Amino acid sequence: MSHLFPKLLFADEAGRVFEHPELLALVRDGAGAALPGEAPVSLPPHAQLAALPGRRPLGLCPSTGETIEVREVQMGRRTVRASAVAAVLPPGWTRLALPAYRTSGIAPVLPQWAYTAAAWDSRLGHVAYALRTDLRRHWDPGTHSTPDLPGLVGERLLRDDNPLLRQLARCALEWRCFTAQNTFYVRDEGAIPASVGCNARCVGCISEQPPEGPPSSHERMDDAPDARRMAEIGIAHLRDAPGRTMISFGQGCEGEPLTRARVIAEAIRRMRRATSRGSINVNTNGSLPENLGLLIDAGLDACRISLNSAYPPLYEAYYRPIRYGFRDVARSIRLAKKRGVYTALNLLTFPGVTDRQGEMDALCELVGTSRVDQVQVRSLAIDPEQYLAVAERASAGGPPRGMRTLLRRLRSARRGLVIGNFARGLAERA
C-alpha cells in the first residue's frame with residue numbers, strides 16, 4: 001500500500017519541511033482522517049508549503065493501518081517537535097482536500113490562507129490535493145510583484161495626487177493585491193476601492209477582524225472616496241489598458257460597495273461619458289438589490305456576487321448580515337441576469353462542507369433557476385477550525401461527495417455555465 005500513497009509531511013520548530021520516513025499522508029475526513037480518495041498533483045509553480053503551529057500531523061502506519069498522531073520525530077541525533085504542513089495554492093487552482101491534524105493545547109488562530117492537503121511523492125516530489133480550474137495566465141504570480149513595480153507605483157503617485165491611489169499603492173506593495181497592482185501596471189482588471197463600511201460581519205473577513213481573530217490580511221481606507229476620484233482612476237485604466245480591460249469596485253481592502261451605490265453610480269456615469277472601452281464590474285455581497293439596480297442604470301455591465309453557501313442558515317451564519325438576508329442576495333442575482341449584466345458567483349469553497357449533498361443541491365438549484373453566467377470557485381481562506389465550527393451547526397448536511405462532483409453537478413445544473421477562477425472580459429463572454 002505504501003507505494004500507492006504519498007508520505008506524510010511535517011515541519012520542525014524552524015518551519016523546515018520534511019517527509020516522514022514511514023507514515024503515509026492522510027487528509028481530513030470530517031472530524032477524523034482518511035487516506036486520500038484521489039491522486040495528488042505536483043505542487044504547482046508559485047505554491048508554498050506552510051507549517052501549522054499547534055497542530056500535530058496525522059499519518060497512517062502502512063504495516064498496521066493505524067492512524068498515528070505525530071508529536072516528535074527522531075532525526076539523527078536530534079528530536080524534532082512536529083507541526084502539520086499544508087500547501088497554499090496560487091490563483092487558478094482549487095483545493096480538493098484539507099490537511100489532517102490534531103490540535104495540541106491552545107493553538108493560535110491560523111492566518112487567513114486556504115490550507116490544502118500536501119504530501120511527498122517519491123516520483124513527483126512535493127504534491128498537493130488540488131485541481132487546476134482556470135487555465136488563463138493573466139493572473140500568473142510570475143507577472144506580478146515584479147522588481148519594477150515599486151518604480152511604477154512611485155511614478156504614478158508623483159504625477160497623480162489622487163488620494164485613492166495611495167490606498168492602492170499600499171494594497172499593491174504591502175498586501176500584494178494583484179488587482180491593485182494591475183492599476184499601476186495599466187493592464188487587465190484594475191481596482192477601485194469604494195467603501196469603508198460593511199453590512200456584513202463575515203467570520204473570515206480579510207479587512208476587519210476582532211481582537212481574538214487572526215491578523216487582518218488588509219487594512220481598510222480611512223476615508224471613502226468621492227465619485228470624481230474613483231472616476232479618474234477608472235477612466236485612465238479603461239482608456240489606457242490594452243486588450244481585455246476592466247475595472248472593479250469592491251476589493252479586499254474595503255467594506256461593501258453597495259452601501260455607497262449613489263456615489264459609485266455617479267462615478268460610473270462619469271467614466272462612461274469619457275470612454276466606452278472595457279468592462280465595469282462590481283464585487284459585492286448582493287445585499288441591496290435596489291442599490292445594485294442603481295449601478296446597472298448608470299452603466300454597470302458585470303457583477304460578481306460572493307457567497308459561501310446557497311443554504312440560508314449556513315450563509316447567514318458565516319456572513320452574519322446586518323439588515324439583509326440570503327433572500328436579498330438571491331434577488332440581486334436574478335435582477336442582474338434580468339437586466340443583462342454578466343453575472344458571476346464568487347463561490348467560497350471548503351471541502352467537506354461545500355461538497356456535501358445538501359449544500360450541492362441548494363447551489364445547483366440557485367445556479368439553475370437564476371441562470372448565472374459563471375461560477376468563480378475560490379478556496380475559502382480561513383483557519384479550518386473557525387469555519388468548521390460555523391458549518392457544524394448550520395450546514396445543509398448530507399454525505400460529502402467531493403469537489404470534483406460538485407463542479408460536475410454545477411455544470412449539469414446550467415447549460416453553458418462557465419466555471420473558473422477569474423472574471424471574464426467583454427470579448428470572453430458568451
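Colleague: Where do I start with the secondary structure: how many helices and strands does the protein chain have?

Modeller: Keep in mind that this is a predicted model. The protein chain has 11 helices and 24 strands.

Colleague: And what about the overall dimensions: what radius of gyration does the protein chain have?

Modeller: The value is 22 Å, and a compact globule with 430 residues would come out near 22 Å, so the two agree. If you like to picture a box along the principal axes, the C-alpha atoms fill one of roughly 70 × 50 × 40 Å.

Colleague: What share of the residues counts as buried?

Modeller: Of the 430 residues, 56% do. Take the contacts with a separation of 6 or more: 77% of them involve residues 24 or more positions apart.

Colleague: Now the helices. How do I read a packed pair?

Modeller: Two packed helices are described by the angle between their axes and the distance between the axes.

Colleague: Which residues in H9 and H11 meet?

Modeller: From H9 you have Gln-357, Met-360, Asp-361, Leu-363, Cys-364, Val-367 and Gly-368, and from H11 Thr-405, Leu-406, Arg-409, Leu-410 and Ala-413. Sorted by class, this contact between H9 and H11 has seven nonpolar, three polar and two charged residues.

Colleague: Let me try another pair. At what angle do the axes of H2 and H3 cross?

Modeller: Roughly 120 degrees, with the axes of H2 (residues 163-173) and H3 (residues 178-185) coming within 8 Å. That makes H2 oblique to H3. H2 passes H3 in a left-handed crossing.

Colleague: What does each helix bring to the contact of H2 with H3?

Modeller: H2 brings Leu-165, Leu-168, Ala-169, Cys-171 and Ala-172, which meet Ala-180, Gln-181, Thr-183 and Phe-184 in H3. By class, that contact of H2 with H3 has seven nonpolar and two polar residues, with no charged ones.

Colleague: I'd also like to read backbone angles. What should I look for in phi?

Modeller: Most residues other than glycine have a negative phi. With that in mind, look at His-46: it isn't a glycine, yet its phi is positive, about 75 degrees. You'll find His-46 in the loop between strand S5 (41-42) and strand S6 (48-52). Its relative accessible area is 47%, so His-46 is partly exposed.

Colleague: What is phi for Ser-145, and where does that residue sit?

Modeller: Ser-145 has a positive phi near 50 degrees. Its place is the loop between strand S17 (130-132) and helix H1 (149-159). With 32% relative accessibility, Ser-145 counts as partly exposed.

Colleague: Let's finish with Ile-280. Is it buried or exposed?

Modeller: Ile-280 counts as buried, because its relative accessibility is 0%. This residue is in strand S20 (residues 279-284).

Colleague: Which residues is Ile-280 in contact with, leaving aside neighbours within four places in sequence?

Modeller: Leu-238, Ile-247, Phe-249, Ile-268, Met-271, Arg-272, Leu-300, Asp-301 and Ala-302.

Key:
Residues are numbered from 1 along each chain as its sequence is written. This is a predicted model: local features need pLDDT of at least 70, side-chain atom pairs count only at pLDDT 80 or more; totals for chains, interfaces and linings use all residues. Side-chain values use heavy atoms; hydrogens and water are left out. Contact means heavy atoms within 4.5 Å. Helices (H or I, at least four residues) and strands (E, at least two) are DSSP runs, numbered from the N terminus. Ala, Val, Leu, Ile, Met, Phe, Trp, Tyr, Cys and Pro count as nonpolar, Asp, Glu, Lys and Arg as charged, and the others, Gly among them, as polar. The radius of gyration is taken over C-alpha atoms; the globule rule is 2.2 Å times the number of residues to the power 0.38. Buried means under 20% relative accessible area, exposed over 50%, partly exposed in between (1.4 Å probe, protein chains only). Axes are lines fitted to C-alpha atoms, for helices over the stretch in contact, and angles run from 0 to 180 degrees between N-to-C directions. Angles under 35 degrees count as roughly parallel, over 145 as roughly antiparallel, 65 to 115 as roughly perpendicular and the rest as oblique. A crossing is left-handed if the near helix is turned anticlockwise from the far one by less than a right angle, and right-handed if clockwise.
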